[in-house]
Amino acid sequence: MAKKEVEALEREEELDADHAEMRVYELGFHIDPELSQEEVKKVYQGIKDVIEGAGEVVAEGTPEKIQLAYTISRMEHAGRHDFDNSQFAWIAYETDGAGHEKVAAAARAETRIFRFLDIRTTKEEAKHSAEVAEMMRQAATEQETVEEEVSETELDAALKEVGV
């Protein structure tokens with residue numbers, strides 16, 4: 001065998017070994033906001049099912065309606081579709097190279113997902129992301145409660161001024 005053929009075989013073996021190694025990935029994806037809540041849950045669960053079939057879920061963030069920082073446009077059969085908001089979800093998972101390819105293919109094939117990003121991460125970073133997301137959710141809930149209390153106090157004061 002020639003030296004180049006041996007080197008090519010060694011690289012192939014190295015890639016195969018790398019492909020079999022378990023790694024942690026995080027898939028963040030935007031689901032069409034015009035779908036019903038039930039459909040959004042089905043899309044999310046479909047992706048999660050593929051991930052569970054290919055590996056193990058490490059952490060997740062269920063779909064949540066968000067305002068996008070910029071408009072994302074996508075060409076569809078009926079023409080251009082612009083998105084200004086989204087149902088955003090993310091799932092961190094551990095799998096090998098083949099499982100990662102299955103997950104990415106499923107995200108690409110799901111037409112109700114209009115944008116996704118699949119990156120490599122660590123279990124610690126994924127769990128930290130879940131903790132931060134939960135803290136943000138709790139802070140938002142607490143802020144809504146404070147705003148409701150202030151509103152009721154202001155309403156009571158206004159009613160007293162009117163004499164009711």
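A residue is called buried when its relative accessible area is under 20%, exposed when it is over 50%, and partly exposed in between (1.4 Å probe, protein chains only). Keep that scale in mind as we walk through this predicted model, in which local features need pLDDT of at least 70, side-chain atom pairs count only at pLDDT 80 or more, and totals for chains, interfaces and linings use all residues. Residues are numbered from 1 along each chain as its sequence is written, and side-chain values use heavy atoms, with hydrogens and water left out.

Let us start with helix α2, which spans residues 37–54; helices (H or I, at least four residues) and strands (E, at least two) are DSSP runs, numbered from the N terminus. Lys-42 is partly exposed, with a relative accessible area of 45%, and Glu-39 is partly exposed too, at 23%. Their side chains form a salt bridge of 3.5 Å, N to O, a term for a side-chain nitrogen of Lys or Arg within 4 Å of a carboxyl oxygen of Asp or Glu. The two residues sit 3 residues apart in the helix, about one turn. Side chains of opposite charge can pair when their charged atoms come close.

How many salt bridges does the structure hold? There are 9. Another of them joins the side chains of Lys-48 and Glu-60 at 3.0 Å, N to O. This pair links distant parts of the chain, with Lys-48 in helix α2 and Glu-60 in strand β2 (residues 55–76), 12 residues apart. Lys-48 is buried at 15% relative accessibility, whereas Glu-60 is partly exposed at 30%. Asp-82 and Arg-80 also meet in a salt bridge, at 3.0 Å, N to O. Elsewhere, salt bridges that share partners tie Glu-38, Glu-39, Lys-42, Glu-110 and Arg-112 into one network.

Now turn to strand β3 (residues 79–95), where you will find Ser-86. Is Ser-86 buried or exposed? It counts as buried, because its relative accessibility is 0%. Its side chain makes a polar contact of 2.7 Å with that of His-30; a polar contact is a pair of N or O atoms within 3.5 Å, where within protein one must be able to donate a hydrogen and the other to accept it, and residues adjacent in sequence count only if both atoms are side-chain atoms. Leaving aside neighbours within four places in sequence, Ser-86 is in contact (heavy atoms within 4.5 Å) with residues including His-30, Glu-64 and Phe-114.
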